[in-house]
Amino acid sequence: QVQLVESGGGLVQPGGSLRLSCAASGSILSIKSMHWYRQAPGKQREWVATIASGGIRNYADSVKGRFTFSGDNAVNTASLQMNSLKPDDTAVYFCKAITLVGATISDYWGQGTQVTVSS
């Protein structure tokens, strides 16, 4: 079992920055990859970024060059630095961890944190 808690959301003006954090606890050694998703009002949840074993990162085209996903193993925290924010980035942001225990793959989600980009 893995527990995830997101933080760092809030209200920011267009062009501003926010840093989201995802704190993991529980069976953290079983985590193989971590991900950020977001869900805007009335829209489906969409993938934003991934950091996998070995530090390989991937980003959705809509955030590439503006968002940076980093991990700090010392404090079991994954962060999403979001720069040059746009109103279209407004959404609830969710952290997800994928774990592998034996041959069993599982995923765990945090509760989400609201990001609002507005003047």
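Tutor: Two strands count as paired if DSSP finds at least two bridges between them, and we shall apply that rule to this model, which is a predicted one.

Student: What makes β3 and β8 a pair?

Tutor: Six bridges join β3 to β8, and since the rule asks for at least two, the two strands qualify as paired; they run antiparallel, and Ala 23 stands opposite Thr 77 in β8.

Student: Why are β1 and β7 said to stand at the edges?

Tutor: The open sheet consists of four strands in the order β1-β3-β8-β7, with antiparallel pairing. β1 and β7 each have a single partner strand, so one side of each is left without a neighbour in the sheet. From one strand to the next, the twist averages 15°.

Student: How do you know that Cys 22 and Cys 95 form a disulfide?

Tutor: Their sulfur atoms are 2.1 Å apart, and the cut-off is within 2.5 Å, so the pair of Cys 22 and Cys 95 meets the definition; by this rule the count comes to one disulfide. Cys 22 belongs to strand β3 and Cys 95 to strand β9, so the bond ties together parts that are 73 residues apart in sequence.

Student: Why is this disulfide called left-handed?

Tutor: The torsion about the S-S bond of Cys 22 and Cys 95 is about -80°, so the disulfide is left-handed.

Student: What does it take for Cys 22 and Cys 95 to be called buried?

Tutor: The term requires under 20% relative accessible area, and both Cys 22 and Cys 95 are buried. Leu 4, among the residues with the most contacts inside the largest nonpolar core, is in contact with residues including Cys 22 and Cys 95.

Notes: Residues are numbered from 1 along each chain as its sequence is written. This is a predicted model: local features need pLDDT of at least 70, side-chain atom pairs count only at pLDDT 80 or more; totals for chains, interfaces and linings use all residues. Side-chain values use heavy atoms; hydrogens and water are left out. A nonpolar core is a set of buried Ala, Val, Leu, Ile, Met, Phe, Trp, Tyr and Cys residues joined through side-chain atoms within 4.5 Å. Buried means under 20% relative accessible area, exposed over 50%, partly exposed in between (1.4 Å probe, protein chains only). Contact means heavy atoms within 4.5 Å. Axes are lines fitted to C-alpha atoms, for helices over the stretch in contact, and angles run from 0 to 180 degrees between N-to-C directions. Lists of a residue's contacts leave out its neighbours within four places in sequence.
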